[in-house]
Amino acid sequence: MDKSTENPDEEDRLSLKSNGNAAGNGGTKETLGVLQSFRRSIRRATEKSPLSSGGKWAKVSAGNESGSQPPPSPSLSAGSPVTSPLKNIGGFFYNKEEDESDSVGQKGKGLKRSKTDPNMGGFGDSLMKKGASIRRSLKFKKAIKLEAATLVSEGPLEERKEELEEEEEEEEVWEELEESYTLPEIPHTPLSVMQINKLIETEVLEEAHLNLLAMRQEFQQERERCGEDSPLELAKKEKDLNLLYGNLRDKVNTIVRDSNSLPSRNKGLLEPVARIIQEEDRRAEEPGGLQGSWLEAWREAVGEGVQLKVQSVHLEPREQNASWLAVHLALLGKSIVEDLEKVKKELRWSYPPSFQVFSTYVRSYHRVVGQHLKKLEPQVTELKDLYALLDWIINLYKSERIMGSPSLQPDMRDESADLQLQDGLLKQLKDKFCCKMKEDMKSSLDRIIELENEDVWKDRSTPKKEEDFLDSPFHMDIWTKVKGNAINSRRIDAQLEQEVISSCLQALKEFPKRFEAEFSRHCSALRLKPLWTEYHITYINSFSALQQHMDGYQDTCPREVEGFRKEAKWLIIRLIQVLEDQYRDDVKLYLRRMMTRKWLTDDEDFKQLYSRTELLSEHCALMRPTHAQELASRLHYHVVREYVGQLMKNNYSCKNRKHEKAASKIRVQWGRLRDLFENMKSTHEWLYAVGDDLSNIIIQKNKADIKIHLQPLVEHYPDFSRKHLVAVLYFRGLLRGREHRLILQRLTELKKKLGSGDKNQVLFGDMQVTVNTDCFSNLPFSCLSFLLPDN
């Protein structure tokens, strides 16, 4: 064994040293000389290398599959079928004619016996180190090519770069790797464990695998000879096999994992990797190999590579950038598309069709990205970030921006474009989004109350008008907020839209009570002032409008809409009740003085009653029609009942023909009040007749004529009873006598004839009648019998 064999690193060191010195001299001539020397050294290494023939695999024969004896050991000379990176490297420095002639010359060369023992340790180490040295130079191939071209070209560097890039593009013609292959001859005697491990480390994978197969065959033969007895040497060989196979699988996984991150470095290694995986899965049932499918391990390695890609996407801390998630998701989508484009254009051609490379990468991205988003979820707390994440998951991921990208077609047509999310993640994100939406809605409603205080209550500002009605714009703000939330969530998902509307309405349900409490707290000092009334009318209008806005979601969220409607309705009722109570308090004293001696001679009390009612009419004109009509109707009834009710109290009896003056006054005053309530659109038209009907009874000079005018009163108001007629006659000045009895008899006849009438129109039934005892001593018992409870 010569000196070079004993010291395999010496030649590499000398070669590298000489190259380094040559590069340092400078000048075009020296550099060209170095390149020529480097090219010659590569050719010499190629001729000596056992890997220089191009690595053609022959189709596996049926004999091998049945466990027949392996073929003779392949040659480690230039004719060996084991692929070497040296050939590929050499090709970068040959001119085009040389490269073509070499490839034609080597095409179809048969296997030859090696004149060199493959177990020669020194030569193997030297060869592996030469191979590693050359492979390390792979990543500089393009730069070296450009530098050499620049030195020999008279044109500018940039022009030569463009020309060379165009040449490379023209030369790149991708061909699919065939499914079938030819396994090179397995050596009769494998290399040592150290040598095989060195081949694995330096990525001479085909040679390493062939020697592993040879070692595995030796193990199987020795195991058959030993039977059940397992000598120590056999156990040691099994341990070595497991160790080497483990290292080989780790190296294969590393290459596969990094194949898309470092395509130029690993592309040449993927074909032997694919063949190793195919061969090992074919021999899975034979002893001496690793447990588990190599193809499944390859898929896991692809997933690891995808995971590294996803983890490498830039992610800023949310404290440093408010748009941290949106930026990250945009970069992630871009990285996914770029990676799958490389798989489609480059990596897939390094594998047989059965590997389904593109599909495997797509499925890996579905799974890995889903896991990545699960890890991101705890950090996503803001509403805008939750929206961005949901939109990315549900819409953007499978859109033309990412999985539906035109650059990935038509390969994606048969692939699912949906993320593989962990169970419950999407629902968890939606629930989280809706909870945040509800909190955001509450905050917005609280802010509305604060603004109302700052802009209106605090400065005692007069409410503004909208279409001639007092109005506060907050109902439009709330409606716009809910509508905007609904529209935005609809862009993500129809179901999410419904959940968002439900969340907003749940928050809105509590708003009327909170608003009322704050309004009362800030404006309680304004009671009995016109501004107090205007505020109430404003908020009656505003909440009525808000209720109408929310009714638009009746079909989407009926239960939540009904819940808010009830709260808004009760607030409106309470606000109207305040106005009603305020009016009643204002006119109470004036109504109490009707039908008295002072009322007959003085109009001041009626003037006050009329002015208060007229002011109410003006306020109702500022209220939206529905509630204005409701309030006007309720107060109309109250005024009629209280005004007429004074007749039933027997406070005054018209004597000396004063009943004519009283009847005329009732008719005039009643007409003016009727006009006011008619203008206010009161719905109680049935009350308009009572004043005239009573005036017609009171004004009659002839007592007997009273009987004639009873029928209209009884027809209009069937609840008008005998006791009410006695009170009216008392006011008229008719206290007793024959005509008095006849009038009461006529009433009884009419009530029997006309029946009970409409029970919904009750006026006199609610009036209390005060019994006057001054005249009882002058009446016979028969005349008093109608006052007994049975009558």
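Which residue lies over the face of tyrosine 610? In this predicted model, the residue in question is arginine 672, placed at 4.1 Å from the ring centre.

A pair of aromatic rings is described by the distance of the centres and the angle of the planes. The structure holds 29 aromatic pairs. One of these joins tryptophan 298 to phenylalanine 355 in an edge-to-face arrangement, with 5.1 Å from centre to centre and 85° between the planes. Tryptophan 298 belongs to helix α14 (residues 294-311), while phenylalanine 355 is in the loop between α15 (324-345) and α16 (357-376), so the pair ties together parts that are 57 residues apart in sequence. Both partners can be followed into the interior: tryptophan 298 is buried, with a relative accessible area of 0%, and phenylalanine 355 is buried as well, with a value of 3%. Phenylalanine 355 takes part in another pair, this time with tyrosine 351, in which the rings are tilted, 5.4 Å apart centre to centre and with 35° between the planes. Tyrosine 351 counts as buried because its relative accessibility is 1%, where the cut-off for burial is under 20%.

Elsewhere, ring pairs link a set of residues into a cluster made up of Trp457, Phe474, Phe511, Phe515, Phe519, Trp532, Tyr535, Tyr539 and Phe543.

In helix α10 (residues 193-201), the buried residues include Gln195, Ile196, Asn197, Leu199 and Ile200.

Most residues other than glycine have a negative phi, and most peptide bonds are trans. Just after α10, glutamate 203 takes a positive phi of about 70°. Aspartate 468 has a phi near 70°, again a positive value in a residue other than glycine, and lies in the loop between β1 (464-466) and β2 (469-471). This aspartate 468 is exposed, with a relative accessible area of 60%. Lysine 681 likewise has a positive phi, near 65°, and is found in the loop between α27 (658-679) and α28 (690-698). With a relative accessibility of 53%, lysine 681 counts as exposed.

A further backbone feature concerns a peptide bond. The bond from glutamine 409 to proline 410 is cis, with omega near 0°.

Conventions:
Residues are numbered from 1 along each chain as its sequence is written. This is a predicted model: local features need pLDDT of at least 70, side-chain atom pairs count only at pLDDT 80 or more; totals for chains, interfaces and linings use all residues. Side-chain values use heavy atoms; hydrogens and water are left out. Helices (H or I, at least four residues) and strands (E, at least two) are DSSP runs, numbered from the N terminus. Buried means under 20% relative accessible area, exposed over 50%, partly exposed in between (1.4 Å probe, protein chains only). Rings of Phe, Tyr and Trp (its six-membered ring) pair if their centres lie within 6.5 Å; planes under 30 degrees apart count as stacked, over 60 as edge-to-face and the rest as tilted. A charge sits over a ring if NZ of Lys or CZ of Arg is within 6 Å of the ring centre and within 35 degrees of the ring normal.
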